[in-house]
Every structure is written in C-alpha cells, then in structure tokens.
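Subject: Structure handover and findings

Hello,

Here is the structure for your files. My notes come after it.

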Amino acid sequence: MRFRFIVSETFKGLSRNLVMTVSVILVSFVSLLFVGASVLLQNQISVMKGDWYDKVEVSVYMCPTSSTAAACADGEATQEEIDAVEGLLNSDTLSPYIDNYTIESKAEAYERFMAAYGESRIGRNATEDMMPVSFRIKLVDPEKYQVVAEQFTGRAGVERVIDQADTLEPLFVVMNRVSWITGGLAAILALTAVLLIATTIRLSAMSRSKETGIMRLVGASNLFIQLPFMLEGAIAALIGAAGAVVALWLAVRYIVVDWLASSINFTAFIGTGDVLRLAPWLLLAAVVLAVVSSAFSLSKYTRV
C-alpha cells in the first residue's frame, strides 16, 4: 500500500506541474548533453594524441649546399659528419630512447619534394644537390624528444632538429580549450538544472501542503513524505539524461563514425562504445543531482 501510494503521488505531481516537469527534462537534457560532449571531446583528444604521437618522428637535417643557417657556415655536411650522427643514433646513450630510424638521401628528399612542389616555381628551380640528407627518428617515448634533440643540436654538420609533435601541440591546445569551454557551459547548465529542480519540487510541495500536513498528523516519517517529491525530480532528470545519451550516441554514430572516420583516415576516432561506457555515469549524475537538490528544497516544507 505504501509503495502504491508513493508511486501514485509521484505521477500525480508530475502531471500537476507538467510545464515545470518539461522544463526540468529539457534543462537536464541540455546540461548533461554538454557534460557528455565535454567528456567525449577529452576522449577524442586522448585518442588522437595516442595515435598521432605513435606516428610522429624527430627529423635531423644535415647541412645542404645552399643552407644559410649559422650552423652550416662550413658548408655542406661531409660524409664523416653524417656517419658521426648515425653512430650517435646507434650508441648506448640514445638506444633507450630510439625505437628505429631511417636515412633519407638527397635523391629521396628530391623525389618527395618534387611530389609536393614540382608544379610550383620553387619546385621548378630546385635541384637534387640542394636537398639535405636527413635522419627520421622514431622515439620510444615521443615526450622524451628534448633528450634526443640536445644530442644533435649544435653538432657539426647538423642544420636543424625538428620534432613533429611541436606542430601538433597548438592543435591539441585549441581542442583542450574548446573542451574546457564546453565543460564550463556544462557546469553552468548543471547548476541551472539543480536550481530548476529545487524550484519545481518546492512548488509541488507547496501545492500539496494540506496533504503533507495530514501525513504529519498521522505520524508519517520525513522520508515517506519527501520520497514522492524526490522521485518526481529524479524521473524528470532521468528522462533528460536518457535523451542526452541518445543524442550523443546518434551524433557519434552518424557524424563521427559514418562521416568523419570514413572521410579522414590519418587519425583515429572515438566510437559508440565510448558513449555507452559514459551513459551509466550520466544517468547516475542526473539522479544524484535531482535527489540532492530535491532533498534540500523539501527540508523547509515537508519536515515532520
């Protein structure tokens, strides 16, 4: 009988305050949609970092004939200087940091340069002799780039040392900032949802003050009086959270998996599995927010 009464009172409250209930659902939906989007964006950044950092290389460029760099004041790198760099790559000092390396000859560098710029004016004026010999180094840990770079920077015959990860960092900085902005908006909307749930439940409690007064007289406990109101907020927030999960799943399925992943093949993307792993946490967050905000708002109006 108590269970039936609580369920009856819960759905009675939802139907009485239909407009406010819909408002709670919508605010919960939007706020948790932003929370989920922020988490998924962080997951995507982690996936891209792992994928791209596995592909990045450190490039050591030897001095070509036409270099004007201060490090190449003595002219083109000699074969002895090239051999010295290769010897250092194979030394015990750097072997813990280097996974593997390849040497790109002038002919290979010229072929790659012409494939990229052959139709331009700079390509038509380029010659094979102008190209540098270079070493393409794959690191065991890309974040240990500085350790390797210090061994080659300023070395005789070395024009410059370039880490491809430096090119990627600005992109990751931008993506992280977008994620922080999304997270900030999610926090603001979550606070809005809490306040709206509290207001809705308070109005519902005020509208049924006579009923709760009678329940106090017959000895009903605080929990028994407050539970229908708390369930109202929890159900409304749960519906909004379920809508957010569905929206995130559809977005990842059709925008990320079907469109981006099939159109862009140079990086990895998150999948619908990430949304499903996130879903229970979003649903739990909705219930916790609703129950906590309802409990605080009810303390004044339904306390025995």
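The notes below go from the whole chain to single residues.

This is a predicted model: local features need pLDDT of at least 70, side-chain atom pairs count only at pLDDT 80 or more, and totals for chains, interfaces and linings use all residues. Residues are numbered from 1 along each chain as its sequence is written, and side-chain values use heavy atoms, with hydrogens and water left out.

**Overall**

The chain has ten helices and four strands. Both kinds of element are DSSP runs numbered from the N terminus: helices are H or I with at least four residues, strands are E with at least two. Along the sequence the pattern reads α-α-β-α-β-α-α-β-α-β-α-α-α-α.

The chain has 304 residues, and 39% of them count as buried. Buried means under 20% relative accessible area, exposed means over 50%, and partly exposed is in between (1.4 Å probe, protein chains only). The chain exposes about 16,800 Å², with carbon and sulfur atoms supplying 64% of that area. Accessible areas come from the Shrake-Rupley method with a 1.4 Å probe; for residues, only the protein chains shown count as cover.

Take the contacts with a separation of 6 or more: 83% of them join residues 24 or more positions apart. A contact means heavy atoms within 4.5 Å.

F135 sits in strand 3. F135 counts as buried because its relative accessible area is 0%. Leaving out residues up to four places away in sequence, F135 touches V58, S59, V60, M62, I82, V85, E86, L89, Y101, T102 and I103. Take V60: it is 75 residues from F135 in sequence, yet the two C-alpha atoms are 5.1 Å apart.

Helix 3 buries I82, V85, L88 and L89. The arc is that of the directions from the helix axis to the C-beta atoms. The cover over these buried residues includes strand 1, strand 2, strand 3, helix 6 and strand 4 (158–163).

S91 is in the loop between helix 3 (79–89) and strand 2 (98–104). S91 counts as buried because its relative accessibility is 17%.

**Helix 6**

In helix 6 (residues 145–152), the buried residues are Y145, V148, A149 and F152. Down the axis of helix 6 they fall within an arc of 100°, so they line one face. After helix 6 comes G154, with a positive phi near 85°.

**Salt bridges**

There are seven salt bridges in the structure. The criterion is a side-chain nitrogen of Lys or Arg within 4 Å of a carboxyl oxygen of Asp or Glu.

- K106 and E76 pair at 2.2 Å, N to O. This pair links distant parts of the chain: K106 is in helix 4 (residues 106–117), E76 is in the loop between strand 1 (58–62) and helix 3, and they are 30 residues apart.
- D129 and K106 pair at 3.2 Å, N to O. D129 is in the loop between helix 5 (121–125) and strand 3, 23 residues from K106.
- R136 and E104 pair with their closest N and O atoms 3.1 Å apart. R136 is in strand 3 (residues 134–139) and E104 in strand 2, 32 residues apart. Both R136 and E104 are buried.

E76, K106 and D129 are linked in a network of salt bridges. K106 counts as buried, at 16% relative accessibility. E76 is partly exposed at 32%, and D129 is partly exposed at 43%.

**Surface patch**

V246, L250, Y254, I255 and W259 form a nonpolar patch on the surface, with about 530 Å² of accessible area together. Patches are made of residues with over 30% relative accessible area and no salt bridge: like charges are joined within 9 Å, nonpolar side chains (Val, Leu, Ile, Met, Phe, Trp, Tyr) within 5 Å. W259 lies in helix 9 (residues 222–263). W259 counts as exposed because its relative accessibility is 52%.

Best regards
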